[in-house]
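Please read the points below with the model open.

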Amino acid sequence: NYNSSANTNSGCTYAIYGCTDPNAFNYDVNANVNNGSCIDVVIGCTDSTALNYNSNANTNNGCIYPILGCTDEEAFNYDSSANTDDGSCIPLIYGCTDNTQFNYDENANTENGSCIEFAYGCMDSTAFNYDPTANTDNGTCIPFIYGCTDPSAFNYNADANVEDFSCIDV
């Protein structure tokens with residue numbers, strides 16, 4: 001505020017150079033002369049360890065940090081909170097996961113409704129008591145024994161379970 005006509009000092013104001021824009025990143029409240037150094041505010045993440053780091057940002061806002069886990073939505077161990085895949089994804093293997101069932105699959109990790117209950121019985125199709133619905137042999141197969149099954153016949157065979165029409169009347 002120098003005045004060459006003044007003959008009495010009434011308080012000089014000295015120039016303080018700096019950024020005088022209050023909306024600028026580097027606003028200087030003490031500056032009274034704008035020196036052209038104002039820097040626009042760039043909002044973003046200023047932490048270089050964050051996933052969304054912005055090297056142009058000068059005002060920190062909302063950094064996102066890595067959360068390790070399986071990010072494959074089709075994987076058995078998908079982690080919805082993970083944002084960085086750690087290579088731990090396990091593929092889905094469909095099958096019967098109930099170890100009390102006939103077709104239990106020890107490799108399966110995802111039930112697909114295919115479990116079959118045990119059906120015990122004779123599985124030997126040449127046996128007298130063959131059970132076509134059995135899926136687990138229970139050791140009860142009885143072989144065919146041909147012979148006379150009439151107890152009143154002379155040649156009755158108590159062990160026979162299939163009549164061979166060889167009975168001789170008494």
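The numbered points start with the basis of the values and then go through the features in turn.

1. Basis. The model is predicted: local features require pLDDT of at least 70 and side-chain atom pairs pLDDT 80 or more, whereas totals for chains, interfaces and linings use all residues. Numbering starts from 1 along each chain as its sequence is written, and side-chain values use heavy atoms, with hydrogens and water left out.

2. Disulfide count and pattern. The whole structure holds six disulfides, a disulfide being a pair of cysteine sulfur atoms within 2.5 Å. With bonded cysteines counted along the chain, the pairing reads 1-2, 3-4, 5-6, 7-8, 9-10, 11-12. Three of these links are described next.

3. Cys 19 and Cys 38. The sulfur atoms of Cys 19 and Cys 38 are 2.0 Å apart and form a disulfide. This pair links distant parts of the chain, 19 residues apart: Cys 19 is in the loop between β1 (17-18) and β2 (33-34), and Cys 38 is in the loop between β2 and β3 (43-44). Strands here are DSSP runs of E with at least two residues, numbered from the N terminus. The link is right-handed, with 110° about the S-S bond. Cys 19 is buried at 1% relative accessibility, while Cys 38 is partly exposed at 29%. The classes are buried under 20% relative accessible area, exposed over 50% and partly exposed in between, with a 1.4 Å probe and protein chains only.

4. Cys 70 and Cys 89. A disulfide with an S to S distance of 2.1 Å joins Cys 70 to Cys 89. Cys 70 lies in the loop between β5 (68-69) and β6 (84-85) and Cys 89 in the loop between β6 and β7 (94-95), so the bond ties together parts 19 residues apart in sequence. This link is right-handed, with 110° about the S-S bond. Cys 70 has a relative accessible area of 1% and is buried; Cys 89, at 26%, is partly exposed.

5. Surroundings of Cys 70. Which residues does Cys 70 touch, not counting those up to four places away in sequence? They are Ala 75, Asn 77, Tyr 78, Asp 79, Ala 82, Asp 85, Asp 86, Ser 88 and Cys 89, where contact means heavy atoms within 4.5 Å.

6. Cys 122 and Cys 141. Cys 122 is joined to Cys 141 by a disulfide, S to S 2.0 Å. Cys 122 lies in the loop between β9 (120-121) and β10 (136-137) and Cys 141 in the loop between β10 and β11, so parts 19 residues apart in sequence are tied together. The link is right-handed, with 110° about the S-S bond. Cys 122 is buried at 2% relative accessibility, and Cys 141 is partly exposed at 29%.

7. Nonpolar patch. Phe 25, Ile 39, Val 41 and Ile 43 form a nonpolar surface patch with about 350 Å² of accessible area together. Ile 43 sits in strand β3 and is exposed, with a relative accessible area of 54%.

8. Asn 161. Asn 161 is in the loop between β11 (146-147) and β12 (162-163). The Asn 161 side chain reaches the backbone oxygen of Pro 143 at 3.0 Å. Leaving aside neighbours within four places in sequence, the contacts of Asn 161 include Phe 128, Ile 142, Phe 144, Ile 145 and Thr 149.

How values were computed
Helix = DSSP H or I, 4+ residues; strand = E, 2+ residues; numbered from the N terminus. Polar contact = N/O pair within 3.5 Å; in protein donor to acceptor, adjacent residues only side chain to side chain. Patch = residues over 30% accessible without salt bridge, like charges linked within 9 Å, V, L, I, M, F, W, Y side chains within 5 Å. Areas by Shrake-Rupley, 256 points an atom, 1.4 Å probe, with all protein chains shown as cover. Salt bridge = Lys/Arg side-chain N within 4 Å of Asp/Glu carboxyl O.
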